[in-house]
Amino acid sequence: MSPTPVGNRRTRIHVVSDVHGNARDLARAGEGADALVCLGDLILFLDYADPSRGIFPDLFGEENARRLIGLRTARRFDEARELGSRLWSGIDGDRAKVVEAAVRAQYTELFAAFPAPTYATYGNVDMPALWKEYAAPGVTVLDGERVEIGGRVFGFVGGGLRTEMRTPFEISDEEYAAKIEAIGEVDVVCTHIPPEVPDLVYDTVARRFERGSTALLEAIRRTRPRYALFGHVHQPLVPRMRIGPTECVNVGHFAATGRPWVLEW
């Protein structure tokens, strides 16, 4: 793939988010595109649609995965944490090392599937400290940074905001806002989480509002990018809407569909 247009040829970018272990389709996601953009959540820890898949059921079994999903869906987070603590107490070895080993196994397969060039940022379930070990030449990792692709400026902000779920890469509102400020005015703003708009943050299957970013929403209103692309909410009430002139698009369906979202100009 080539990251810049040749002559008058149109530029085509494929965008994915919430890969959650789908390495098979990720390996094909860049076909026909000048570049692939990935907005995070590579890891599959627990699959709400298929409780047999992921790190958690591999360690504790599908029945316990279903129990944990049920508690989280009912927003009984204290009970969910108690269940997790009880299960982990029966595992030999340091919890962090066990999880890291499982994550490394997934990252080995997923980063090998990225085409070149790929521009990627972290999701809230990712482990950023490990990415530098796996990102091969041609994979550019950005967080609070900008890059030009095909003559347009893309700004990337990774991670999620703090929640009761306590996923690995949740940061404070202030730290997140600083990264939004750092990218400034861009043509396309690429984040893992959506702007804080009720229709964009409500998950119709999990039956809850996920956390979106007020700082991102304010920046969209102020700087008026052409597009705001994000994932995180797997089954949004509204997958696409306009905020002023900005087209806001949820591309967080990759794990389920295996299809990237296409941006051309």
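Predicted model: local features only at pLDDT ≥ 70, side-chain atom pairs only at ≥ 80, totals over all residues.
**Stop 1: the aromatic rings**

Begin by displaying the side chains of Phe, Tyr and Trp. A search of the whole structure finds 14 aromatic pairs. Select Phe 111 and Phe 114, one of these pairs: the ring centres are 5.4 Å apart and the planes stand at 80 degrees, an edge-to-face arrangement. Phe 111 and Phe 114 are both buried.

Now extend the selection to Tyr 107, Tyr 122, Trp 131, Tyr 134 and Phe 169. Together with Phe 111 and Phe 114, these residues make up one aromatic cluster.

Next, select Tyr 227 and Trp 261. Why is this pair classed as edge-to-face? The planes of the two rings meet at 65 degrees, with the centres 6.0 Å apart, and an angle over 60 degrees counts as edge-to-face.

**Stop 2: Ala 228 in strand E12**

Remain on strand E12 and select Ala 228, which lies in this strand. Is Ala 228 buried or exposed? Its relative accessibility is 1%, so Ala 228 counts as buried.

Ala 228 and Cys 248 are 20 residues apart along the chain, yet their C-alpha atoms are separated by 4.7 Å. To see the surroundings, display the residues in contact with Ala 228 beyond its neighbours within four places in sequence: Val 189, Ile 220, Thr 246, Glu 247, Cys 248 and Val 249.

**Stop 3: Asp 47 in a loop**

Finally, move to the loop between strand E2 (35-38) and helix H2 (55-60), where Asp 47 is found. With a relative accessible area of 14%, Asp 47 is buried.

Which partners does the side chain of Asp 47 reach? Select Arg 53 first: its side chain makes a polar contact with the side chain of Asp 47 at 2.6 Å. Then display the backbone of Asp 50, whose nitrogen lies 3.2 Å from the side chain of Asp 47.

Definitions and conventions. Residues numbered from 1 in each chain as written. Heavy atoms only, no water. Phe/Tyr/Trp six-rings, centres within 6.5 Å; stacked < 30°, edge-to-face > 60°. Buried < 20%, exposed > 50% of the residue type's maximum accessible area, 1.4 Å probe, protein only. Helix = DSSP H or I, 4+ residues; strand = E, 2+ residues; numbered from the N terminus. Contact = heavy atoms within 4.5 Å. Polar contact = N/O pair within 3.5 Å; in protein donor to acceptor, adjacent residues only side chain to side chain.
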